[in-house]
Amino acid sequence: MRHLTTIGFLALAVILVAVPLASNNEYELRLFMLFLIYGIIAVGLNVLVGLTGLVSLGQAGLFALGSYTGAILATRLGFDMVSSALVAAIVAGFFGVLLAYPTVRVRGVYLAVVTIAFGLIVENVAIEWQSMTGGTTGITSIPSPNVFGFRLSGYAYYGLLAVVLFLAAAAAHNLKISRFGRAMLAVSQSETAARALGVDATGVRTLAFVAAAVTAGLAGTFYAFLNSYISPDIFTFSDSVRFLLMVILGGAASTFGPILGAYILTYLPEYLQQFAVWQKFAYGALLLIVMFVMPRGIMGSLAFGLKKLRPAPRAVSATEGILAEDTLRRDPNALRSELVARDLTVRFGGLTALNKASLRVKPGEVHALIGPNGAGKSTFVNTISGFYRPTEGEFEIDGVQLAGRKSHEIARLGLSRTFQNTELFGELTVLENVMVGYQQGLGYGLAAALLRTPAMRRQEEECRRAAIGLLAFVDLQDYANEEARFLPFGLQRRLEIARALAARPRLLLLDEPAAGLTTQEIDALEEMIRRIAALGVSVLLIEHHVELIMAVADTVTVLDYGQIIASDTPAVVQDDPRVIEAYFGTSLEHADAAEATP
Ligand SMILES: Nc1ncnc2c1ncn2[C@@H]1O[C@H](COP(=O)(O)OP(=O)(O)OP(=O)(O)O)[C@@H](O)[C@H]1O
């Protein structure tokens with residue numbers, strides 16, 4: 001795939017160089033420049049749509065913002081095109097941050113409505129703010145493209161746009177294969193799991209919105225200088241739809257798809273003009289047919305077909321990996337950590353799910369938390385991992401207060417968890433899932449990611465090798481390149497453990513890891529928990545499977561109706577009359593009944 005991408009970029013460079021040589025007149029060249037400008041917008045929008053799975057129908061608004069900012073700076077303050085474009089990109093980027101803010105609360109259709117509203121507001125401001133924008137007449141006499149005082153001819157301007165599109169595509173591709181791109185994909189597939197691994201979901205979405213906004217802002221200024229005239233009717237809702245279609249038609253998340261989509265949707269309307277009254281009908285019908293036949297978009301479907309024809313080897317060699325022991329021991333201070341929860345109370349309206357629960361996971365121990373259904377175990381787990389806020393009480397890890405912090409902050413401070421109902425990043429490979437877990441160990445910044453610096457590549461390689469080592473630790477190296485959603489259930493549970501370990505936790509929290517496993521798989525799990533504990537990782541195990549608890553736990557704490565009723569060694573807890581009444585009695589009866597059933 002890596003070679004194919006290189007070939008793709010070479011082909012793109014050749015096409016971009018060849019076109020002006022082949023174009024016969026100014027009209028053709030101008031149309032191609034328009035395609036380049038749309039291509040820049042589509043490449044940026046693809047970061048948002050393809051990687052984070054969010055939909056923006058307000059790109060025309062950001063495009064307009066960039067156009068007007070650039071045009072106003074050029075006509076009123078005499079800025080040249082480059083400075084105008086840079087300021088326009090910053091202004092658009094700022095609005096990108098504002099647009100990202102609603103994603104804290106709304107997604108899907110609601111987010112689409114917010115972005116539509118933004119586009120309409122920009123259009124209306126452009127009409128109404130006559131003194132600045134020229135109202136419906138717009139802004140005329142925008143100077144021709146110029147850089148540092150030099151006027152750019154048609155071909156020179158074409159060259160500049162081609163370089164910007166090429167660089168934007170390369171930067172977007174680099175972003176996609178960096179820790180930022182992986183985080184975006186992870187957030188789009190399971191925000192809960194991403195947050196539990198330390199990914200700041202809001203930050204990641206904001207970055208994607210800014211990428212889409214900055215490119216639209218840049219493209220806006222380029223458009224204003226190309227057209228030398230702009231007015232509000234150029235930036236309509238239907239343009240926003242067209243930009244989104246460019247991404248989806250070409251293939252969301254693919255590197256070259258949005259460029260292909262931009263090409264098709266720039267030229268198709270021109271080509272269809274010959275069909276006169278049928279033009280709009282033919283346009284819609286063609287799009288419908290293509291999307292029906294290729295729901296992944298053109299490039300997405302091609303890549304899918306190619307993968308089927310030549311599937312990548314499923315396994316990786318465990319020898320490539322860094323030993324899990326070495327990965328986990330890299331920060332010896334993090335091992336043998338202590339979690340202390342004091343008087344945790346969680347109320348849901350009138351219901352007290354946790355009532356002054358106190359618990360101490362001693363350094364390096366396996367601590368089981370058990371209790372009948374509805375006792376408050378999940379509430380405890382969700383509270384200490386930051387998904388619920390405690391009504392009262394506090395909890396800390398190695399003396400660092402965690403109450404009141406967000407889930408991704410708690411994860412970064414060393415608490416890693418698995419989920420009762422597995423929460424994998426289904427469309428990422430098994431290896432990529434673990435690499436997301438390792439995310440916080442990667443220190444390179446955005447600039448390094450966009451430029452793919454040697455330091456970034458080194459860290460990525462180390463991340464990959466650490467992930468392979470962790471896959472080998474849970475015996476999943478043979479499935480490394482398989483999409484996680486295709487793994488059998490038992491292996492999915494193991495993958496979650498490897499992913500949580502990749503975050504190099506101080507405390508590993510396993511939420512009912514034996515649920516749904518076969519007897520052999522539970523035996524393997526038992527052995528795995530022992531190996532994890534032997535590495536020095538403290539484990540909090542929430543489980544119903546009594547035999548497993550008795551076999552691996554150093555301490556057992558029992559919850560009943562939100563209250564801790566016992567906390568001691570397994571042998572002592574097992575004989576505690578209150579525990580027998582609340583839990584063991586019933587669960588042993590259930591076990592007997594289950595055995596009696598044919
Ligand atoms: N988000 C919530 N809103 C309202 N009530 C909740 C919420 N989460 C849990 N509860 C209630 O809190 C109580 C404790 O539930 P919790 O899921 O923590 O128990 P549990 O011990 O994990 O049970 P199980 O073993 O079935 O998973 C239950 O009465 C449950 O209905």
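The model is predicted.

**Ligand shell**

- The residues around the ligand are Phe348, Leu351, Ala353, Gly371, Asn373, Gly374, Ala375, Gly376, Lys377, Ser378 and Thr379.
- At least two residues of this shell come from each of strand S4 (351–361) and helix H16 (377–384).
- Helix H16 makes the greatest contribution to the shell, with three residues.
- Sorted by class, the shell holds four nonpolar, six polar and one charged residues.

**Leucine 470**

- Leucine 470 is located in helix H20, which spans residues 454–473.
- Leucine 470 counts as buried because it has 30 C-beta neighbours inside 10 Å, where 20 or more are required.
- Beyond residues up to four places away in sequence, leucine 470 touches Ala324, Thr327, Val434, Ala498, Leu501 and Ala502.
- Isoleucine 497 is 27 residues from leucine 470 in sequence, and their C-alpha atoms are 9.2 Å apart in space.

**Largest nonpolar core**

- The largest nonpolar core has 186 residues, of which Ala208, Ala467, Leu470, Leu471 and Ala498 touch the most other members.
- Helix H10 (residues 201–227) gives the most to this core, with 18 residues.
- This core lies between domain 1 (33–234) and domain 2 (331–428 + 488–596), because both domains give residues to it.
- In soluble globular proteins, nonpolar side chains tend to be buried together.

Conventions. Residues numbered from 1 in each chain as written. Predicted model: local features only at pLDDT ≥ 70, side-chain atom pairs only at ≥ 80, totals over all residues. Near = placed C-beta within 6 Å. Helix = DSSP H or I, 4+ residues; strand = E, 2+ residues; numbered from the N terminus. Nonpolar A, V, L, I, M, F, W, Y, C, P; charged D, E, K, R; others polar. Buried ≥ 20, exposed ≤ 12 C-beta atoms within 10 Å, placed from the backbone. Contact = placed C-beta atoms within 7 Å. Core = buried A, V, L, I, M, F, W, Y, C linked by C-beta atoms within 7 Å. Domains from an automatic or database assignment.
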